[in-house]
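Subject: Structure handover

Hello,

Here is the structure for you to look at. My notes on it follow below.

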Protein chains: 2
Amino acid sequence: MLLTVQWKDDSLLLIDQTKLPTKLSYVYCKSYQDVAAAIKQMIVRGAPAIGVAAAFGLVLAARRSNSRNIGSLLRDINKAYNIIRATRPTAINLQWGLDRLMKKIQNIQSVSKVKEIMLDEAIQMAEEDIFINRSMGSIGEILLSDGDTILTHCNAGSLATVAYGTALGVIRSAKESETRPVMQGSRLTAFELQYDNIDISLIPDTAVGYLMTKGGIKHVIVGADRILNTGHVFNKIGTYQIAVLAKCHNIPFYVAAPLSSFDLKNDIDDIVIEERSKEEVTKIGKKNIAPTNIKVINPSFDITPPDLITSIITEKGIISPPYKTNIKIMMNTK
Amino acid sequence: MLLTVQWKDDSLLLIDQTKLPTKLSYVYCKSYQDVAAAIKQMIVRGAPAIGVAAAFGLVLAARRSNSRNIGSLLRDINKAYNIIRATRPTAINLQWGLDRLMKKIQNIQSVSKVKEIMLDEAIQMAEEDIFINRSMGSIGEILLSDGDTILTHCNAGSLATVAYGTALGVIRSAKESETRPVMQGSRLTAFELQYDNIDISLIPDTAVGYLMTKGGIKHVIVGADRILNTGHVFNKIGTYQIAVLAKCHNIPFYVAAPLSSFDLKNDIDDIVIEERSKEEVTKIGKKNIAPTNIKVINPSFDITPPDLITSIITEKGIISPPYKTNIKIMMNTK
């Protein structure tokens, strides 16, 4: 099993996703600054994986702190919290992961106890993530039939999580859009589905609509970086237009996401859509694929409205419309 | 003015479009085999440009032939006809360009006269192409207002034609989708619109839908590789899904194409959609952007049905629905 995020040798060990698919290599993060840099550079990406990595970043801040009293330790932890928090704005799991650790230590007065509790909790979050993904996989399975071909976009697989993936676990045959500009579909999902011996075909982002007219796609399943209480889904750029196309071709469109990706507090306008560098669009590696001085619009995420979503697969069950009511019910389910 | 296709030094001189945008270089085709190779390798591409280049290929076959009698010359020309014809299946202009020359010489008995007539006709076709594009530009203009931002896909600009482009002539502000996998949007349209000082922003293919929700796109204009009498448009892969998205967002979707791109004989199922190599998808230059042994589906064109098309801009006027009637009327207009 590919472990995207793991605790090893008193450090955070990450698969370096910028090197895939040509090289499966690992990076040790020995400080919270290393973790912040890894998230920023997308060495680790995918909302659930970012959430757990961020938590370990906070663990590292605590463990590397020389503070002897709790106040000073908490100042060190808070500093790391703000720096890690600022690395990427859209995926809510980043904040969720950090806040879960902060809540766990809020009444603890012992320096050593804080460090111990934080590490235990982060390790538990990593283990839970795998369990949650397996649950989503088996819950999502009832929506699919044997031999169905699924279209997926970007990467909602094991590399986006600690392991196993949000919904790719149930897929046996898939078409994968390449997901320009960072090519997380081509590079990551293609890599891991092939690794798992799943029958996969890579398609250009431009071919999604055409292949839908050919009848070769039975379902669409994507992940999510954030889901609002209204059912609006923030996910990798391109998700929205695939959802529109799925609707027009009567193809069910599912989102698979853990409850940690739900944001019940914010409205749509509160969320920052990360705009990434123009070089992601104008270059592949060192090769220019566009004039170097061209203007570029490169939003990293888009918003899929609830009326385009057939249902949302979570680890506790499937949420169907109306989302405003049913998301609330699911979040309150023990 | 960039001349994509020109007759020079008894040869066909082409801009090498595979080297753009990093290098503006030219290639001499001294034989019909050179021309066939240039079309196959997409040194020259774009339906109108291919049509004229193919005609010059036939000219070269005639001029390089050592035949002293007309029968033997026609055999040489026919051989070249079949080889050039087979280079790319979808754009009808290829066949149109070849057939126009063949028709011109069908009753000529003199070897030298055949060679002379063919060259004159090909040169006239090249000149006409520029004139036709200027007409389309001024006719298309009435559909647009000052300051409107246009989305275009792939390349329907001067590089797709001898010069000037099918409808880009009227555009002053544009958003351009990159057009995976061959990046003719990023590489070619971005290059030439910048060359012409037009305010252009490059957007990932995945961002089309999202930017339509933002209200930043007033019209879509694309070219065509073939238009059937029903109004079905064969064009670069990705065109169909942009048309669906335009419809869903109430954005007018125009096709700009010369009458030489219309095919009144064939039905939809007669047309071969060219499937190109998997390396176009898995590599950029020499860099792998997907696992090397992955399966790939890489259709080069798709089909946009008439109900998604607001109108078709030609050099003789604008064709509106119902297309079946109105295309016939326009084709019969002198």
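The accessible surface of chain A amounts to about 12,800 Å², with 49% of it on carbon and sulfur atoms. Please keep in mind that this is a predicted model, and every value here is computed from it.

Fold of chain A

Chain A contains ten helices and 17 strands. Its radius of gyration is 20 Å, close to the 20 Å from the globule rule for 334 residues, so chain A is as compact as a globular protein of that length. The C-alpha trace of chain A extends about 65 × 50 × 40 Å along its principal axes.

Of the 334 residues in chain A, 64% are buried. Taking contacts in chain A between residues at least 6 apart in sequence, 73% connect residues at least 24 apart.

Contact between the chains

The size of an interface is often given as the accessible area lost when the parts come together. Here chain A and chain B bury about 4,400 Å² between them, and 68% of that is on carbon and sulfur atoms. On the chain B side, the residues that lose the most area to chain A are B:Thr206, B:Tyr210 and B:Ile297, which together make up 16% of what that side buries.

Regards

Terms used. Residues numbered from 1 in each chain as written. Chains lettered and ligands numbered in written order. Predicted model: local features only at pLDDT ≥ 70, side-chain atom pairs only at ≥ 80, totals over all residues. Heavy atoms only, no water. Helix = DSSP H or I, 4+ residues; strand = E, 2+ residues; numbered from the N terminus. Rg over C-alpha atoms; globule rule 2.2 N^0.38 Å. Buried < 20%, exposed > 50% of the residue type's maximum accessible area, 1.4 Å probe, protein only. Contact = heavy atoms within 4.5 Å. Areas by Shrake-Rupley, 256 points an atom, 1.4 Å probe, with all protein chains shown as cover. Buried area = accessible area lost by both parts, 1.4 Å probe.
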